[in-house]
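Here is a short briefing for a reader new to this structure. Take a look at the model, then read on.

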Amino acid sequence: MIELLETRLGNPVLNISIFAGFVVFTMFVVIRVTRGGKKTAGDFYTGGARFDGRQNGFAIAGDYLSAASFLGIVGAVALYGYDGLLYSVGFLVAWLVALLLVAEPLRNTGKYTMADVLSFRMRQKPVRLAAAISTLAVSLFYLLAQMAGAGALVSLLLGISSPIGQNIVIAIVGLLMVGYVLIGGMKGTTWVQIIKAILLILGAAVMTIWVLAMVGFNFSELLTQAMATTKADGSEINLLAPMERYKDPLALVSLGIALVLGASGLPHVLMRFYTVPTAKEARRSVTWAIGLIGGFYLFTMVLGYGAAWLVGPEAIKDMPGGANAAAPPSPTNWVAPS
């Protein structure tokens, strides 16, 4: 099955050409939007606070809808059905917390970083130390999931199967991201995230329509086919039964708190509220983000059941990094993914 999937991904030379073309295009955009004008700390860290709510909402969606969340949630739905949807619901509800409790107060401080905000009315040194440690810890584990997902996807497209080759791909992708930030600052990376959000949402929409068209736009038929493929693979998991994997109520509450409050603590998401000129635009950007992210997660539900039908759970588990990236944690080992 893996060999069949690899042949369907096309020519690695064509794939790397498209990837390189996308890198060149986005780098051109970064250089273009940051060329000229004054160079200040505000321009680098906040893009001069010149983005409106709609633009910032698209950028937030681009930040949030990463390879890890896209592949992870689609894989979780394909493998565990209804229980996999819990992650997307939790991630979406998290933005209500950001809208009601975080966006406006954070923007009103007019600072650059979380450390600046927290130390505004507190002792500088201990607060900045705690903020630095928490930011590094969150970013480290977040990047592990992000880079692993991106590396696995790019490696599959390029036909690279060796662990060393995959590690090199991950390192190259990481260096590219660093280059975007160093060259463009917040203004350049914001436009890259806007482009990413548009491409990702449009791509997911096209795949969703394609999958639904294969079953005559009958979602019930899609669920039936997904169940049939899952049973044919020998899996005993009922994709339509709720709470099959979450038996411990305390663990479920713990996971829910982590999902709902997690988005409000992501450093790269919180910094987005400084790129808009007013608190009103900060709230507007979250509203746009909720709409875009919510629509995207509806697509992942269809794509997840479509993957269960067309690919099958066993083939998904056998993919490079597939089983580890897609499977939700067991009830005895709860760690919320990024």
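A residue is buried when its relative accessible area is under 20%, exposed when over 50%, and partly exposed in between (1.4 Å probe, protein chains only). The chain has 15 helices and zero strands. Helices (H or I, at least four residues) and strands (E, at least two) are DSSP runs, numbered from the N terminus.

This is a predicted model, in which local features need pLDDT of at least 70, side-chain atom pairs count only at pLDDT 80 or more, and totals for chains, interfaces and linings use all residues. Residues are numbered from 1 along each chain as its sequence is written, and side-chain values use heavy atoms, with hydrogens and water left out.

**Contacts along the chain**

- Contact means heavy atoms within 4.5 Å.
- Among contacts between residues at least 6 apart in sequence, 84% join residues at least 24 apart.

**The nonpolar cores**

- A nonpolar core is a set of buried Ala, Val, Leu, Ile, Met, Phe, Trp, Tyr and Cys residues joined through side-chain atoms within 4.5 Å.
- The largest such core holds 61 residues. Tyr64, Trp95, Leu222, Phe273, Ile293 and Tyr297 touch the most other members.
- Two or more residues each come from α4 (53-64), α5 (67-80), α6, α9 (163-214), α10 (219-232), α11, α12 (267-270) and α13 (279-310).
- Helix α13 gives the most to this core, with 14 residues.
- A second, separate core has six residues, including Met147, Ala150, Val154 and Leu158.
- Phe273 has contacts beyond its neighbours within four places in sequence. Its partners are Asn56, Ile60, Ala98, Val102, Ala103, Leu106, Arg107, Ala282, Ser285 and Val286.

**How the helices pack**

- Axes are lines fitted to C-alpha atoms, for helices over the stretch in contact, and angles run from 0 to 180 degrees between N-to-C directions.
- Angles under 35 degrees count as roughly parallel, over 145 as roughly antiparallel, 65 to 115 as roughly perpendicular and the rest as oblique.
- A crossing is left-handed if the near helix is turned anticlockwise from the far one by less than a right angle, and right-handed if clockwise.
- In the classes below, Ala, Val, Leu, Ile, Met, Phe, Trp, Tyr, Cys and Pro are nonpolar, Asp, Glu, Lys and Arg are charged, and the others, Gly among them, are polar.

**α6 with α11**

- Helix α6 (residues 82-108) packs on helix α11 (residues 249-262) at an angle of about 50°, with axes 7 Å apart. The two are therefore oblique to each other.
- The crossing of α6 past α11 is right-handed.
- From α6, the contact uses Leu86, Tyr87, Gly90, Phe91, Val93, Ala94 and Val97. From α11 come Leu252, Leu255, Leu259, Val260 and Leu261.
- Eleven of these residues are nonpolar, one is polar and none is charged.

**α4 with α9**

- The axes of α4 and α9 come within 7 Å and cross at roughly 75°. That makes α4 roughly perpendicular to α9.
- Gln55, Phe58, Ala59, Ala61, Gly62 and Asp63 are the α4 side of the contact. Thr190, Trp191, Gln193, Ile194, Lys196, Ala197 and Ile198 are the α9 side.
- The contact has seven nonpolar, four polar and two charged residues.

**α10 with α13**

- The axes of α10 and α13 come within 7 Å and cross at roughly 40°, so α10 is oblique to α13.
- Helix α10 passes α13 in a left-handed crossing.
- Phe219, Leu222, Leu223, Gln225, Ala226, Thr229 and Thr230 of α10 meet Met301, Val302, Tyr305, Gly306, Ala308 and Trp309 of α13.
- Nine of the contact residues are nonpolar, four are polar and none is charged.

**Single residues to look at**

- Ala78 is in helix α5. Ala78 is buried, with a relative accessible area of 1%.
- Ala78 touches Leu239, Gly304, Ala307, Ala308 and Ile316, not counting residues up to four places away in sequence.
- Ala78 and Met301 are 223 residues apart in sequence and 8.7 Å apart in space, C-alpha to C-alpha.
- Leu176 lies in helix α9. Leu176 touches Phe19 and Val23, leaving out residues up to four places away in sequence.
- Phe217 sits in the loop between α9 and α10. Phe217 is exposed, at 57% relative accessibility.
- Phe217 has a positive phi of about 55°, although it is not a glycine.
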